[in-house]
Amino acid sequence: MQSQIVCHRCRRVLAYPSGAPSVCCAMCRAITAVPPPAPVEMAQLICGGCRTLLMYTRNADTVRCSCCSTVNLVRPVNNIAHVNCGRCRTTLMYPHGAPSVKCAICDYITNTGINTMSPAPCPRPTSNESAYNASSASVPTPQPQNVTVVVENPMTVDEKGKLVSNVVVGITPGKN
């Protein structure tokens, strides 16, 4: 694939192969540095036809599913809300107005109107305090919460003709 850049000395348009770090102008022999490519912002949505998680470039209006060929409309980012799974505490995304969301990891269905924030940690006694002396219990400092991302791509067929699941799980450490 070819890209274009303007020569910094003679202002002519130069064509060059994508990925080249610099271009030499054939007319004035000036070397023009090529800026690094801008990172492509990606987003995700769940296919309305087959429930497969799809990844697409952020500026897309529609996304066609490679599994079922459904054309999915992309919702604006501000219509997406987050909730922590009521069982495994994984951060889940759902469209505003949805009454509940099902966790892809543990299959638990979380009511979006109740568990939208993490509950405060329960006071726990330290090792030298009695478990029954709640008035002197100390509240532990909040721990960073890891974020788990599960991506399920379409199944493929191996060399023996068997279906192979393509699931990737990523965990990013939380910050305090």
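**Reading a predicted model with three annotated segments**

Author: For "domain: Zinc finger LSD1-type", an unreviewed UniProt entry lists residues 7–31, 47–71 and 85–109. The model discussed here is predicted.

Reader: What are the helix and strand contents over residues 47–71 and over residues 85–109?

Author: Residues 47–71 are 0% helix and 36% strand, with the end C-alpha atoms 8 Å apart. For residues 85–109 the values are 0% helix and 36% strand, and the end C-alpha atoms are 8 Å apart.

Reader: Over which residues does pLDDT stay under 50?

Author: Where pLDDT is low, the predicted coordinates should not be read in detail. Here that concerns residues 114–140, where pLDDT stays under 50. The mean pLDDT of the protein chain is 75, and 70% of its residues reach 70 or more.

Reader: Which residues make up the largest nonpolar core?

Author: In soluble globular proteins, nonpolar side chains tend to be buried together. The largest nonpolar core has 10 residues, including Ile5, Cys7, Leu14, Cys25 and Ala30. Apart from that core lies another, of nine residues, among them Leu92, Tyr94, Ala98 and Cys103. Beyond four places in sequence, Cys25 touches Cys7, Cys10, Leu14 and Ala30.

Reader: Which residues of strand β10 lie on its covered face, and which on its uncovered one?

Author: In a regular strand the side chains alternate between the two faces of the sheet. In β10 (residues 91–95), Leu92 and Tyr94 form the covered face, whereas Thr91, Met93 and Pro95 form the uncovered one.

Reader: How many bridges join β9 to β10?

Author: Five bridges join these antiparallel strands, β9 covering residues 80–84. Asparagine 84 has threonine 91 in β10 as its bridge partner. The two strands form a hairpin with six residues between them, and arginine 89 in the turn has a positive phi of about 65°.

Note on methods:
Residues numbered from 1 in each chain as written. Predicted model: local features only at pLDDT ≥ 70, side-chain atom pairs only at ≥ 80, totals over all residues. Heavy atoms only, no water. UniProt positions renumbered as here; feature names shortened; annotations may be inferred. Helix = DSSP H or I, 4+ residues; strand = E, 2+ residues; numbered from the N terminus. pLDDT = per-residue confidence, 0-100. Contact = heavy atoms within 4.5 Å. Core = buried A, V, L, I, M, F, W, Y, C linked by side-chain atoms within 4.5 Å. Buried < 20%, exposed > 50% of the residue type's maximum accessible area, 1.4 Å probe, protein only. Pairing = 2+ DSSP bridges.
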